[in-house]
Amino acid sequence: MFTSVVVDVLVTLSIVLTVAVLYPGGAAGQIVRIVAACAGAGVAAGGYALRGRRSGTAAAPVDRTGREDWLMPPLTELTRPAMATGGKIGMGALRTYLAVAMVLVIVKIMKAVLAG
């Protein structure tokens, strides 16, 4: 949960910075609306995650008997871990946001360069 809050804060700051670059004359009210929307999205996502844990859809506990004798297999034998659907959606949304923000900032820079 802590990591989710940190990521939410960083994404919020990134959005605020992108908007400030694209619209330098923006008002403080615009920033407050962005922060409120990101906070609402974070609370909704956290509620959804907690609901899933309470409804019994969480993974079964790991059997830890004999863990003193556990050895890590060689890296070549390890498979790639499966990512949950929520993680895939979140990473896709983050990549899309970063791509859109990057394109918009590049367009803004090019307009400034061409304008003189």
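**Figure 1. Val 107 in helix H3 of the predicted model.** Val 107 belongs to helix H3, which comprises residues 85-115, and the structure shown is a predicted model. With a relative accessibility of 41%, Val 107 is classed as partly exposed, because that class lies between the limits of 20% and 50%. Along the chain, 85 residues separate Val 107 from Leu 22, yet their C-alpha atoms lie 9.3 Å apart. Leu 22 is itself one of the buried residues of H1.

Figure 2. The 31 residues of H3 reach 45 Å between the first and last C-alpha atoms, close to the expected 45 Å at 1.5 Å a residue.

Figure 3. Helix H1 runs over residues 2-22. Its 21 residues should span 30 Å at 1.5 Å a residue, and the separation of its end C-alpha atoms, 30 Å, agrees with this. Thr 12, Val 16, Thr 18, Val 19 and Leu 22 are the buried residues of H1. These residues cover an arc of only 160° around the axis and therefore lie on the same side of H1. Exposed residues on the other side of H1 are Phe 2, Thr 3, Leu 10, Leu 13 and Leu 17.

**Figure 4. Thr 12, a buried residue of helix H1.** Thr 12 is located in helix H1. Its relative accessibility is 10%, so Thr 12 counts as buried, the limit for that class being under 20%. When residues up to four places away in sequence are not counted, Thr 12 touches Val 35 and Cys 38.

**Figure 5. Asp 8 and its contacts.** Asp 8 is also a residue of helix H1. The relative accessible area of Asp 8 is 25%, which means that this residue is partly exposed. Leaving aside residues up to four places away in sequence, Asp 8 is in contact with Cys 38, Ala 39 and Gly 42. Cys 38 is also touched by Thr 12. Between Asp 8 and Ala 27 there are 19 residues of sequence separation, and their C-alpha atoms are 22 Å apart in space.

**Figure 6. The nonpolar surface patch and Leu 10.** Met 1, Phe 2, Val 5, Val 6, Val 9, Leu 10, Leu 13 and Leu 50 form a nonpolar surface patch of about 780 Å². Helix H1 makes the greatest contribution to the nonpolar patch, supplying six residues. Leu 10, a patch member, is placed in helix H1. Leu 10 has a relative accessible area of 54% and is therefore exposed, as values over 50% define that class.

Note on methods. Residues numbered from 1 in each chain as written. Predicted model: local features only at pLDDT ≥ 70, side-chain atom pairs only at ≥ 80, totals over all residues. Heavy atoms only, no water. Patch = residues over 30% accessible without salt bridge, like charges linked within 9 Å, V, L, I, M, F, W, Y side chains within 5 Å. Areas by Shrake-Rupley, 256 points an atom, 1.4 Å probe, with all protein chains shown as cover. Salt bridge = Lys/Arg side-chain N within 4 Å of Asp/Glu carboxyl O. Helix = DSSP H or I, 4+ residues; strand = E, 2+ residues; numbered from the N terminus. Buried < 20%, exposed > 50% of the residue type's maximum accessible area, 1.4 Å probe, protein only. Contact = heavy atoms within 4.5 Å. Expected span 1.5 Å × (residues − 1). Arc of directions from axis to C-beta.
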